[in-house]
Amino acid sequence: MLLIFVFLGYILSPQNKQPERLKVDIKRSLRMAMADRDINSKQLADDLGVGPSQVSKWLNTGSITATGLQKIADYFGIPVSEFIKLGE
């Protein structure tokens, strides 16, 4: 039985212990979710209780922690997997 784990853009399998980079565009996912809800970065920062510079970092670099990713997905009311799919 082959088990595959997907976490924040990496895939690991028991046969291949080296992570392979997946094409995950968190920046695009976030922009799509914000546009769909007509939310600007200041409003998102205020609603999530983070600074505007944090939202700017997410939008410009796509760098985000697992906790941040979950927080954003919860904010938009969708599972993390669906949030990630927005960027495909």
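Colleague: How many residues apart are Asp46 and Lys42 in helix H2, and what does that spacing come to in helical turns?

Modeller: Asp46 and Lys42 are four residues apart in helix H2, so about one helical turn separates them. Keep in mind that this is a predicted model, where local features need pLDDT of at least 70 and side-chain atom pairs pLDDT 80 or more, while totals for chains, interfaces and linings use all residues. Numbering runs from 1 along each chain as its sequence is written, and side-chain values use heavy atoms, leaving out hydrogens and water.

The two side chains form a salt bridge, 3.0 Å from N to O (Lys or Arg side-chain nitrogen within 4 Å of an Asp or Glu carboxyl oxygen). An α-helix has 3.6 residues a turn, so residues three or four places apart point the same way. Lys42 counts as exposed at 52% relative accessibility, and Asp46 as partly exposed at 49% (buried is under 20%, exposed over 50%, partly exposed in between, with a 1.4 Å probe and protein chains only).

By that rule there are two salt bridges. Glu82 and Lys85 make one at 3.6 Å, N to O, and being three residues apart in helix H5, they too are separated by about one helical turn. Both count as partly exposed, Glu82 at 36% and Lys85 at 46%.

Back at H2, which spans 41-48, the loop between H1 and H2 holds Asp38. Asp38 has a positive phi of about 55° although it isn't a glycine, and it is exposed, with a relative accessible area of 68%.

H1, H2, H3, H4 and H5 each give two or more residues to the largest nonpolar core, which has 18 residues (buried Ala, Val, Leu, Ile, Met, Phe, Trp, Tyr and Cys joined through side-chain atoms within 4.5 Å). Leu30, Leu44, Trp58, Ile72, Phe76 and Phe83 touch the most other members.

H4 packs its buried residues against H1, H2, H3 and H5 (contact means heavy atoms within 4.5 Å). Those buried residues are Gly68, Leu69, Ile72, Ala73 and Phe76. On the other side of H4, Thr67 and Asp74 are exposed. After H4 comes Gly77, with a positive phi near 70°. Leaving aside neighbours within four places in sequence, Phe83 has Leu69, Ile72, Ala73 and Phe76 among its contacts, along with others including Leu30 and Ala33.
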